Amino acid sequence: MSHAVVLQPAVPMRLEASDRSEMVSQMLFGDTCVVLHRTEKWSQVRCLFDGYEGWVDNKQIELLDESEFREVCSWSRVVSTRFDIVRIDDSTIVVPMGALVPGGGPCRVAGFSVSSLDDDGGLCSTMVAASDELMGAPY
């Protein structure tokens with residue numbers, strides 16, 4: 001039985017192995033899962049956070065070895081603001097409230113260097129202010 005982690009802001013979990021299938025749940029950044037069955041394009045998984053089962057696109061999860069799985073399971077900081085900023089290698093992504101992110105310094109997961117940037121010099125505040133200005137704007 002193998003484990004995997006989500007290293008994207010949010011990943012849809014589908015009822016069947018198809019992009020057209022109903023979305024039954026979603027997994028957020030840092031969620032881990034057990035891979036129950038794997039095909040060329042899809043993995044049937046069980047999310048370890050809530051026990052939901054469904055299918056996710058293989059491009060949207062990263063398989064973990066045992067030490068990486070233990071590392072990710074040690075992540076204890078839950079994003080409690082609207083969002084947080086995470087660096088994966090040289091890329092920066094915004095992850096939503098409820099995501100599980102590493103505390104402390106960078107760690108290696110699935111071949112990537114992953115670290116949480118608490119604020120990245122005010123970027124979170126700037127993004128919130130910009131989005132607030134757009135509230136009520138017409139299409």
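Trainee: By class, what makes up the lining of the largest pocket in this predicted model?

Mentor: In this predicted model, the lining has 10 nonpolar, four polar and two charged residues. The residues closest to the pocket centre include Gly-30, Asp-31 and Phe-49. Gly counts as polar, Asp as charged and Phe as nonpolar, so these three fall into separate classes.

Trainee: Which elements each supply at least two residues of that lining?

Mentor: Strand E3 (23-28) and helix H1 (66-73) do. The largest share, three residues, comes from E3. The space in the pocket is about 260 Å³.

Trainee: Why is the aromatic pair of Phe-29 and Trp-75 called stacked?

Mentor: The ring centres are 6.1 Å apart, and the angle between the planes is 10°. The structure holds one aromatic pair.

Trainee: Where in the chain do the two partners of that pair lie?

Mentor: Phe-29 is in the loop between E3 and strand E4 (32-38), and Trp-75 is in the loop between H1 and strand E8 (77-78). The partners are 46 residues apart, and the pair links distant parts of the chain.

Trainee: Why does Trp-75 count as buried?

Mentor: Its relative accessibility is 5%, and buried means under 20%, so Trp-75 qualifies. Phe-29, with a relative accessible area of 0%, is buried too.

Trainee: How do you know that Lys-59 and Asp-57 form a salt bridge?

Mentor: The N to O distance is 3.8 Å. The limit is 4 Å between a side-chain nitrogen of Lys or Arg and a carboxyl oxygen of Asp or Glu, so the contact passes. Lys-59 is exposed at 64% relative accessibility, whereas Asp-57 is buried at 8%.

Trainee: What makes the contact between Asp-84 and Arg-77 a salt bridge?

Mentor: The N to O distance is 2.4 Å, which is within 4 Å, so the contact meets the criterion. Asp-84 is buried at 3% relative accessibility, and Arg-77 is partly exposed at 27%. Elsewhere, salt bridges that share partners join Asp-19, Lys-41, Asp-57 and Lys-59 into one network. The whole structure has six salt bridges.

Trainee: Why is Ser-2 called partly exposed?

Mentor: Its relative accessible area is 31%. Buried means under 20% and exposed over 50%, so Ser-2 falls in between. Ser-2 lies in strand E1 (residues 2-5), and its C-alpha atom is 5.9 Å from that of Val-34, 32 residues apart along the chain.

Notes:
Residues are numbered from 1 along each chain as its sequence is written. This is a predicted model: local features need pLDDT of at least 70, side-chain atom pairs count only at pLDDT 80 or more; totals for chains, interfaces and linings use all residues. Side-chain values use heavy atoms; hydrogens and water are left out. On a 1 Å grid over the protein atoms alone, a cavity is a set of points where a 1.4 Å probe fits but cannot get out, and a pocket is an open set with protein on both sides within 12 Å along at least five of seven lines; lining residues have an atom within 4 Å of a point. Grid points are joined across faces, edges and corners, and a volume is the space filled by probe spheres set on the points. Helices (H or I, at least four residues) and strands (E, at least two) are DSSP runs, numbered from the N terminus. Buried means under 20% relative accessible area, exposed over 50%, partly exposed in between (1.4 Å probe, protein chains only). Rings of Phe, Tyr and Trp (its six-membered ring) pair if their centres lie within 6.5 Å; planes under 30 degrees apart count as stacked, over 60 as edge-to-face and the rest as tilted.
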